Amino acid sequence: MTENSSLKDTSNMKKAWIIYALIILLVVLALVFIVADDNEEKLFFSLMTVAAAYVFRPTDRFMKRKIAQFMGSAEDKDAK
């Protein structure tokens, strides 16, 4: 049961990081295609948005808390 809950938690963590990456990608695309006026701004918005997302990325502890809040922990589901 511990391995099963660990696999579920790992799967949920991967899903959360994929969602985070997709949100960042959408923000980059919006800034590049909607906000930027010239090529210099397009380059700046694309590079700096990704850099800021990397620097200010959520910690694993925060991600685990939010996953437990929204999806429920795998250990809680096994206990029921």
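The following paragraphs lead through a predicted model of one protein chain, from its overall make-up to a few individual residues.

Because the model is predicted, local features are considered only at a pLDDT of at least 70 and side-chain atom pairs only at pLDDT 80 or more, whereas totals for chains, interfaces and linings use all residues. Residues are numbered from 1 along each chain as its sequence is written, and side-chain values rest on heavy atoms, with hydrogens and water left out.

The protein chain contains four helices and zero strands, where helices (H or I, at least four residues) and strands (E, at least two) are DSSP runs numbered from the N terminus. Read from the N terminus on, the order of elements is α-α-α-α. The average pLDDT of the chain, the predictor's confidence in each residue on a scale from 0 to 100, is 87, and 88% of the residues score at least 70. Confidence is highest in α2, at a mean of 95, and lowest in helix α4 (residues 74-79), at 52. Where pLDDT is low, the predicted coordinates should not be read in detail.

Of the 80 residues of the chain, 20% count as buried, a class that means under 20% relative accessible area, with exposed standing for over 50% and partly exposed for the range in between (1.4 Å probe, protein chains only). The chain exposes about 6500 Å², of which carbon and sulfur atoms supply 65%; accessible areas come from the Shrake-Rupley method with a 1.4 Å probe, and for residues only the protein chains shown count as cover. Among the contacts with a separation of 6 or more, 65% are accounted for by residues 24 or more positions apart, a contact being heavy atoms within 4.5 Å.

Thr49 counts as buried because its relative accessible area is 14%. Its side chain reaches the backbone oxygen of Phe45 at 2.4 Å, and, not counting residues up to four places away in sequence, Thr49 touches Val27, Val28, Leu31 and Phe44.

Val28, one of these partners, belongs to helix α1 and, with a relative accessible area of 11%, is buried. Leaving aside neighbours within four places in sequence, Val28 is in contact with Ser46, Thr49 and Val50; the C-alpha atoms of Val28 and Val50, which are 22 residues apart along the chain, are separated by 7.5 Å. Ala30 also lies in helix α1, but its relative accessible area of 31% makes it partly exposed. Between the C-alpha atoms of Ala30 and Phe45, 15 residues apart along the chain, the separation is 9.6 Å.

Elsewhere in helix α1 is Asn12, which is buried, with a relative accessible area of 11%. Beyond the residues up to four places away in sequence, Asn12 touches Ile67, Met71 and Gly72.

Helix α1 (residues 2-35) also holds Ile34, which counts as exposed because its relative accessibility is 68%. Ile34 takes part in a nonpolar surface patch together with Ile18, Leu22, Leu25, Leu26, Leu29, Phe33 and Val35, and the accessible area of this patch is about 840 Å². Such patches are made of residues with over 30% relative accessible area and no salt bridge, with like charges joined within 9 Å and nonpolar side chains (Val, Leu, Ile, Met, Phe, Trp, Tyr) within 5 Å; a salt bridge is a side-chain nitrogen of Lys or Arg within 4 Å of a carboxyl oxygen of Asp or Glu.

Definitions and conventions
Polar contact = N/O pair within 3.5 Å; in protein donor to acceptor, adjacent residues only side chain to side chain.
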